[in-house]
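Please look through the model below before reading the numbered points. They are meant to be followed with the structure open beside them.

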Amino acid sequence: MTILSFETSCDETAAAIVQNGRKVLSSVVASQIDAHAVFGGVVPEIAGRMHMQCIAQIYQETLAQANLTLNDIDSIAVTHAPGLVGALLVGLNFAKGLAYATDKPLIAVHHLRAHVAANYLTHSKLEPPFLCLIASGGHTHIVHVTDYTTFTVIGKTRDDAAGEALDKTARMLGLPYPGGMHLDKLGQGGNPEAYTFPRPKVDGVDFSFSGLKTAARNAIVNAQLSMRNADFAASFQLAVANYLCDNTLRAAAELHCSTIALAGGVCANSVLRAEMQHRCAAQQIDLFMPELRWCGDNAAMVGAQAFYEHRAGNVASETLNALPNHPM
Ligand code: KG4
Ligand code: ZN
């Protein structure tokens, strides 16, 4: 099955063509980062307008890259939730229009399910069940993936997402938006033991990142740290990575699960990847991580999940709407 997919939930306009949930024939991502960076965060109104301006071109480009026409496409998939509603609606309406005009099935994909499916693009043998840590700019979840379309949330953040804590800390240091990636670069070669951070106390395997963020703020203000402080960047990232790893591995032990996957933009973080690799190897746990290009928002991961949604009979109707919040 060849699926044409769209992703416009935040600040990337993306389209892709994916075969049987695993093989990417083309993937095009237009990032709006430069437009939002001057404001230090995503401006929803601008995001929606920019998706409108470029979605038709991104669609053409993805077909051209794969050397296909719309006739070669079996189904149309789109992220319908969660995200900025004005941004989601652009991709949703474009996909709906195509599906309606060509009488092809329309498949609605949850953004976090798509992040999980990014792993299928990199690891052709990976199959559920596995435990997945999803860490992005807006979400931090530990999810038990028991089937391609069955997800149980085991733990999640009670306040900020991991990406938000990294981005806001980076911003306090004076680094550009989105700061996670810049913090990662700055921390290379820094001493990760130079600064210590309090361990948030939350029951079970839920997370809380607001205290870590406040501790970072206090350290930055008190010591007047600048965007050149590699030791601070390395230490803060290690605190975040350790916290993510601790809870994920605890959940895996409780569930007797010996396969872990990572998903979401934050799983591009070099400290988190190294820490997870090291710990999983020590505990004989199989670890799967998407290639860096599939960690952040893209449409190929949407096409991957859409294959399994379709196989499970999840085809959307013409009344499909965009939802800013929606459980997995
Ligand atoms: O999944 P994603 O692209 O968008 C959302 O669904 O939110 O995740 C974006 C988040 C941002 O917070 C960004 O700073 C973070 O992923 N990020 C990183 C890195 N690359 C992206 N955080 C830490 N290290 C990175 N290398
Ligand atoms: Zn995302």
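1. Which residue in E9 is the bridge partner of Cys132? The partner is Ala261, and strand E6 (residues 130-135) pairs with strand E9 (residues 259-263) in the parallel sense over four bridges; two strands pair if DSSP finds at least two bridges between them, and strands are DSSP runs of E, at least two residues, numbered from the N terminus.

2. This is a predicted model, in which local features need pLDDT of at least 70 and side-chain atom pairs count only at pLDDT 80 or more, while totals for chains, interfaces and linings use all residues. Residues are numbered from 1 along each chain as its sequence is written, chains are lettered from A and ligands numbered from 1 in the order in which they are written, and side-chain values use heavy atoms, with hydrogens and water left out.

3. Five strands make up an open sheet of mixed pairing, in the order E8-E7-E6-E9-E10. Strand E8 (150-156) and strand E10 (286-288) each have a single partner strand, so one side of each is left without a neighbour in the sheet.

4. Among the 19 residues around ligand 1 (those with a heavy atom within 4 Å of it), Gly137, Asp167, Asp184, Gly265 and Asn269 come nearest.

5. Polar contacts, meaning pairs of N or O atoms within 3.5 Å, include one of 2.9 Å between a nitrogen atom of ligand 1 and the side chain of Asp184, and one of 3.1 Å between an oxygen atom of the ligand and a polar side-chain atom of His111.

Methods:
Polar contact = N/O pair within 3.5 Å; in protein donor to acceptor, adjacent residues only side chain to side chain.
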